[in-house]
Amino acid sequence: MTKQESLPFPKDAAQAGMQESRALAAKYSRRNTFRKWDPPRKAMGTMPREWRIQPGLAQHVPDDLAPFVEWFDNEPEARERFRWALRDSLDELLDGQRTGRWAYQHLTKTEKTYLGTAVEVNLTREFAIDEGSDLDWSIAGLDIDCKFSKDLGGWEIPMEMYRCADHGERGGRANHPAVVIWMNDDTSEWAAGIVRITDERLRWKKERDANGGRVRAYNRDNKRKLSDGARSEVYWLWGGLQIDLPTNLLLRLDAESRERILTASLPGRASSGQQRLNQLFREVQDRIVGRQTVLTVGQQDDSLKRARDTRQPLRREGIVVLGHQGSHPHVARALGLPAPIKGEWISTRLVPVSPDDPRPKFSLDRRRQFWARAHGNEILHPAPDLPDDREIDEPNCSGVGITS
């Protein structure tokens, strides 16, 4: 289509009609209304006794899996990137900003099924993995599949993954390798391994057929799971069990704190996004609060702005909400707190202290007044208004007089 042949811009009447239609839909829409969810009653997944693995395993790398292991070893910060891709995959499905959900158990059955696809898609993007000839991925020039399960050992393997004379044309042309992935958000555990799929490493039924032969344990989709004995054939990346899936803050909060956050309101009014975020930073102090938590608590299009707007009302209560810009990371480090990066915040309650107070402290006015994190029984005092572009003295830290 040439420039002259391009479609005409809609007329004003048509534009007005579209706006009216959108307004009518928004008036009755239930997708963007605040919703509060009950705590999960069941666990996200399982780690069967037969599949229990430990951290810090020392394993020999099988020759046929060595190219894949070396590829992950050579990727910069591969383990960190891998675990955050898992976190992001689940958070994308929870979609807390629009749904208010904060646990895997809140997902529908269809969404739970899609989690494996989301993991594969995000890992593919994160590591720029090429598409394989017959399987999901090509790593080090070799085909390899990606399998996810919320139950350790629960990966379902299709016929085309392995050789089997009984499968005919449906059987694989080779015994292919697979990256097998597991995570449990309830416990912040995860694991990733590589295994070569073979007919013998998959499950067989206990009972025999009429001729005494073994019977393969297919499910309805003609897939089979790895046998319990195949656990020893999996090479676990990064030493086996990992216990640092990035924390789901709302899931790990105690029930009383979470309830106060999600029902926060002004007297006589319904719960509001601003009041919920104010309460979030009252309840959760001295630890990083991520973007996903803010979006889920706020459940509004401007939740990130409202997180910044918590600073003025909370400052009157002695609480500062630190972000990633200007003086804020320097203040966090001076106080001995983790420094937020973009998309993160951390709150803490401050009190004025003397220059000889042993606590980590900082000053905004060339050592005339110092501030430190409050002890539980200290009198409430309004916190200082932290600038974005002024010098901060850090007398108890290296780098005194850092300029932001």
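A salt bridge, as the term is used in these legends, is a side-chain nitrogen of Lys or Arg within 4 Å of a carboxyl oxygen of Asp or Glu. By that rule, the count here is 28 salt bridges.

This is a predicted model, in which local features need pLDDT of at least 70 and side-chain atom pairs count only at pLDDT 80 or more, while totals for chains, interfaces and linings use all residues. Residues are numbered from 1 along each chain as its sequence is written, and side-chain values use heavy atoms, with hydrogens and water left out.

**View 1. The whole protein.** Welcome to a protein with 12 helices and 15 strands. Helices (H or I, at least four residues) and strands (E, at least two) are DSSP runs, numbered from the N terminus. Of its 404 residues, 43% count as buried; buried means under 20% relative accessible area, exposed over 50%, and partly exposed in between (1.4 Å probe, protein chains only).

**View 2. Arg-196 and Asp-64.** Here the two side chains meet in a salt bridge, with 2.9 Å from N to O. The pair links distant parts of the chain, 132 residues apart: Arg-196 sits in strand β6 (residues 189-196), and Asp-64 in the loop between α1 (12-28) and α2 (66-74). Asp-64 is partly exposed, at 36% relative accessibility.

**View 3. Glu-200 and Arg-214.** A salt bridge joins these side chains, at 2.7 Å from N to O. Both Glu-200 and Arg-214 lie in the loop between β6 and β7 (224-225), so the pair ties together parts that are 14 residues apart in sequence. With a relative accessible area of 38%, Arg-214 is partly exposed.

**View 4. Arg-282 and Glu-317.** The closest N and O atoms of this salt bridge are 2.9 Å apart. Arg-282 belongs to helix α8 (residues 273-283) and Glu-317 to the loop between α11 (311-315) and β10 (319-322), so that distant parts of the chain, 35 residues apart, are linked. Arg-282 is partly exposed at 26% relative accessible area, and Glu-317 is partly exposed at 24%.

**View 5. Helix α9.** Six of the eight residues of this helix (residues 291-298) are buried, so α9 is largely enclosed by the rest of the structure. The buried residues are Thr-293, Val-294, Leu-295, Thr-296, Val-297 and Gly-298. Just after α9, look for Gln-299, which takes a positive phi of about 50°.
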